[in-house]
Amino acid sequence: MTKVMFVCHGNICRSPMAEFVFKDIVAKQNLSNEFIIDSSATSREEIGNGIHYGTRAKLIEKNIPFDDHHAVQFTKKDYNDYDYILLMDRNNLRNITRIIGEDTENKIHLLLDFASGGDIADPWYTGNFDDTYRDIVEGCAAFLEYLRNNKCIR
């Protein structure tokens, strides 16, 4: 079982989008039983709030199922419990380090490091959920390919 945690600043836009996109990708490949997939925030600003309406609209547009997700903050326990902690941008990296200290087990990665590299822009500020969705799909597909190539899944 591979445990994956997607992380962004508030856990209402990018990380829940990545969570549900990745769940959809693995479900379509009959791999759901090989994963535990979740998402969280590095900040406390949005704790308890639901998915941003822009993310919700994009998931509906793309026919990607999602549930009644509410924002939670990443914890040290999450670091111990998950195999891969996939961040949306470098600011998340700085913030998560404040929560856990050093990444001694090399679990933390930027999602786009598995693809083209770089940060996934925060649509909370840009308003552009199309670009965010495109980058997340690219990153999730590349991450799944990485897992296959490294024999982490079938």
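Asn63 is exposed, with 65% of relative accessible area, in this predicted model. Its place is the loop between H2 and helix H3, which spans residues 76–81. The backbone at Asn63 is worth a look too: phi is positive, at about 55°, although the residue is not a glycine. Another asparagine, Asn30, also has a positive phi, near 55°, and is likewise a residue other than glycine. Asn30 sits in the loop between H1 and E2. With a relative accessible area of 60%, Asn30 counts as exposed, because the cut-off for that class is over 50%.

Two packed helices are described by the angle between their axes and the distance between the axes. Start with H1 and H6, whose axes are 9 Å apart and meet at an angle of about 50°. That angle makes H1 oblique to H6, and the crossing is right-handed. On the H1 side, the residues that meet H6 are Arg14, Met17, Ala18, Val21, Phe22, Ile25 and Val26. Facing them from H6 are Phe129, Thr132, Tyr133, Ile136, Val137, Cys140, Ala141, Phe143 and Leu144. By class, this contact of H1 with H6 has 14 nonpolar residues, one polar and one charged.

Next, bring in H2, which covers residues 53–61. How do H2 and H6 (residues 129–149) pack, and at what angle? Their axes lie 10 Å apart at an angle of about 60°, which means that H2 is oblique to H6. The crossing of H2 past H6 is right-handed. Gly54, Thr55 and Lys58 of H2 make the contact with Phe129, Asp130 and Tyr133 of H6. In this contact the residues divide into two nonpolar, two polar and two charged.

The remaining pairing to visit is H1 with H2. Their axes come within 10 Å and cross at roughly 20°, so H1 is roughly parallel to H2. Here too, H1 passes H2 in a right-handed crossing. Met17, Phe20 and Val21 of H1 touch Thr55, Lys58 and Leu59 of H2. Sorted by class, the contact of H1 with H2 has four nonpolar residues, one polar and one charged.

Which residues have the most contacts inside the largest core? They are Phe6, Val21, Phe22, Phe35 and Phe143, in a core of 35 residues. Two or more residues each come from strand E1 (2–8), helix H1 (14–28), strand E2 (35–41), strand E3 (84–87) and H6. H6 gives the largest share of this core, eight residues. Leaving aside neighbours within four places in sequence, Phe6 is in contact with Ser15, Ala18, Glu19, Phe22, Ile37, Asp38, Ser39, Ser40, Leu86, Met88, Leu111 and Cys140.

A second, separate core holds 12 residues, among them Tyr82, Leu87, Ile96 and Ile108. Ile108 belongs to strand E4, residues 108–110. Its relative accessibility is 11%, so Ile108 counts as buried, the cut-off being under 20%. Not counting residues up to four places away in sequence, Ile108 touches Tyr79, Ile85, Leu87, Leu93, Ile96, Ile100 and Asp103. Ile108 and Tyr82 are 26 residues apart in sequence, and their C-alpha atoms are 9.9 Å apart in space.

Apart from neighbours within four places in sequence, the residues in contact with Thr42 are Val7, Cys8, His9, Gln73, Asn92, Asn95, Ile96 and Ile99. One of these, Ile96, also touches Ile108 and is included in the second core.

Conventions: Residues are numbered from 1 along each chain as its sequence is written. This is a predicted model: local features need pLDDT of at least 70, side-chain atom pairs count only at pLDDT 80 or more; totals for chains, interfaces and linings use all residues. Side-chain values use heavy atoms; hydrogens and water are left out. Axes are lines fitted to C-alpha atoms, for helices over the stretch in contact, and angles run from 0 to 180 degrees between N-to-C directions. Helices (H or I, at least four residues) and strands (E, at least two) are DSSP runs, numbered from the N terminus. Angles under 35 degrees count as roughly parallel, over 145 as roughly antiparallel, 65 to 115 as roughly perpendicular and the rest as oblique. A crossing is left-handed if the near helix is turned anticlockwise from the far one by less than a right angle, and right-handed if clockwise. Contact means heavy atoms within 4.5 Å. Ala, Val, Leu, Ile, Met, Phe, Trp, Tyr, Cys and Pro count as nonpolar, Asp, Glu, Lys and Arg as charged, and the others, Gly among them, as polar. A nonpolar core is a set of buried Ala, Val, Leu, Ile, Met, Phe, Trp, Tyr and Cys residues joined through side-chain atoms within 4.5 Å. Buried means under 20% relative accessible area, exposed over 50%, partly exposed in between (1.4 Å probe, protein chains only).
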